[in-house]
Amino acid sequence: MYYREMALPDDFPTAGDFSVPEHLVGTLAEVDQLYATVVAPLEESLAHRFAGVDDYLDTDGRLHPEIWEARRHIMRASGAAGLYGAFLPSRIGGRDYDREDMLWVEERVYSYGLRLNPALLSWSEGATPRVIFAHDHHRDEFTLPLVRGEKTAFHAITEPGAGSNLFDMKTNAVQRDGDWVLNGHKAYITNAFEADVAQVLAVTHPGNGRRSFTYFQFDTHEARSRGFSTGKVYQTMFNDGITGEVMFDDLVLPADSVIGEVGGAFDIAMASINWTRMRRGGMCSGWGQLLIHRMVERARSRVIGGKPLGANQGIAWMVADSYADWMMARSLSLSVAHELDHPGPWWKTPRPREEIRKISAVKLTNDECFYRIADRALQLHGAAGVMRDTEINKLFQLARNFRIPGGADEVQRNSIAEGLGLRF
């Protein structure tokens, strides 16, 4: 929830390490313009909501309505500019940007910090790869409003007893009189309470392997009177106020609620999960740059015993190691993104084993490199770093969280090992 108070200086070491592709120079200028004219003024007007540890939450522990309205305003502005879902095909309102393009865009957006700037780009609460597989009859009600940032969604996969292994899922849908009847309980769902659109993975053909699952999409507001409900707020380690549980109790959905094909949701889910994992590259790079900049500032300005903190070799090496971690993760992300884009498209399914292996390597490397950077940044800042209401501390909490969603680090290691021919 905290943001960069100043831009990275032009002479900051990371700025010249990679040359911005010529066709993206204007896009990155768009990001900067949207931040300056739309995001920054809202962050300033809502400074009181970011002043203390929990000021951004309401009395129920959810993200405060003022912040939600600001986020929605930013989503709509970015959507109107065509940036919000730029990674999507142009036929549904995107810009046809590939993964390599998006790494640059995501990096720039996230380098502004953690307050409201992330709303400039679609995440799990917005337009996602799932809209690529939606049918034409979904276009006006769901697809275009999501791509334009006019509506938000939640993605319901995880359950109290089912995480990375989809085959542990219990939420199910059965056919009755031409409709589908949905029952189940999903947990740890991002944007559970504010979403206009539900996208739910359910078992429809149990025991049928990859063909066991179907995706359903529906209007959450209309469904609340028919068997859809939300439950408790899950207070994550960084109190995001948007994570919760959702339930379905004999919720009747028409046959045209299906995304893609009946029994075809596994590949759609994997396209979404792979997208989530590849996005780590830009997110961790942007936030990593910010943390390294903060470390350099601290090492130069903090004076102990008459000399700058950074004059101590141990401190200088912490910064150097963080830079090396940043370079390693970013370089790998760019390399794999380039491979996925040629011949592309990045969202095709299913993907060859060697590509899954590389995608898992991207997530694992970014998660762990970013965590080490955040850990060093907090350590270097000492007592100031452990204060909960600081940018450094929030990014550290986020870095620790990253190692679980989208497939825990251990799951990524298994995927890499399997891709190398080792079976478990």
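Trainee: Which residue stands opposite Val-174 in strand 3?
Mentor: Val-181 stands opposite Val-174. Keep in mind that this is a predicted model: local features need pLDDT of at least 70, side-chain atom pairs count only at pLDDT 80 or more, and totals for chains, interfaces and linings use all residues. Residues are numbered from 1 along each chain as its sequence is written, and side-chain values use heavy atoms, with hydrogens and water left out.

Trainee: How many bridges join strand 2 to strand 3?
Mentor: There are 5 bridges between strand 2 (residues 172–176) and strand 3 (residues 179–190), and the two run antiparallel. Two strands pair if DSSP finds at least two bridges between them. Helices (H or I, at least four residues) and strands (E, at least two) are DSSP runs, numbered from the N terminus.

Trainee: What does Gln-175 pair with in strand 3?
Mentor: Trp-180 is the bridge partner of Gln-175. The hairpin has 2 residues between its strands, and Asp-177 there takes a positive phi near 55°.

Trainee: What about strand 7, how many bridges join strand 3 to it?
Mentor: 8 bridges, again antiparallel, with strand 7 covering residues 243–253. Ile-189 has Gly-244 as its bridge partner in strand 7.

Trainee: Why is helix 3 called largely enclosed by the rest of the structure?
Mentor: Because 10 of its 12 residues are buried. Buried means under 20% relative accessible area, exposed is over 50%, and partly exposed is in between (1.4 Å probe, protein chains only). Among the buried ones are Met-102, Leu-103, Trp-104 and Val-105, along with the charged Arg-99, Asp-101, Glu-106 and Glu-107.

Trainee: What covers the buried residues of helix 3?
Mentor: The cover includes helix 1 (25–45), helix 6 (265–278), helix 7 (280–301) and helix 8 (313–341).

Trainee: And what happens at the start of helix 3?
Mentor: A side-chain oxygen of Asp-98 comes to within 3.3 Å of the backbone nitrogen of Glu-100. A polar contact is a pair of N or O atoms within 3.5 Å; within protein, one must be able to donate a hydrogen and the other to accept it, and residues adjacent in sequence count only if both atoms are side-chain atoms.

Trainee: Arg-280 and Asp-367, buried or exposed?
Mentor: Buried. Arg-280 has 2% relative accessibility, and Asp-367 has a relative accessible area of 0%.

Trainee: New topic. Which residues touch the most other members of the largest nonpolar core?
Mentor: Leu-116, Leu-201 and Trp-287, in a core of 92 residues. Helix 7 gives the most to this core, with 9 residues. A nonpolar core is a set of buried Ala, Val, Leu, Ile, Met, Phe, Trp, Tyr and Cys residues joined through side-chain atoms within 4.5 Å.

Trainee: What does Trp-287 touch?
Mentor: Its contacts include Tyr-110, Leu-114, Phe-370 and Phe-402, not counting residues up to four places away in sequence. Contact means heavy atoms within 4.5 Å. Another core, of 22 residues, lies apart, and Trp-180 and Phe-218 are among its members.

Trainee: Last one. Where is Thr-220 found?
Mentor: Thr-220 is in helix 5 (residues 220–223). Thr-220 is buried, with a relative accessible area of 1%. A polar atom of the Thr-220 side chain lies 2.6 Å from the backbone oxygen of Ala-195.
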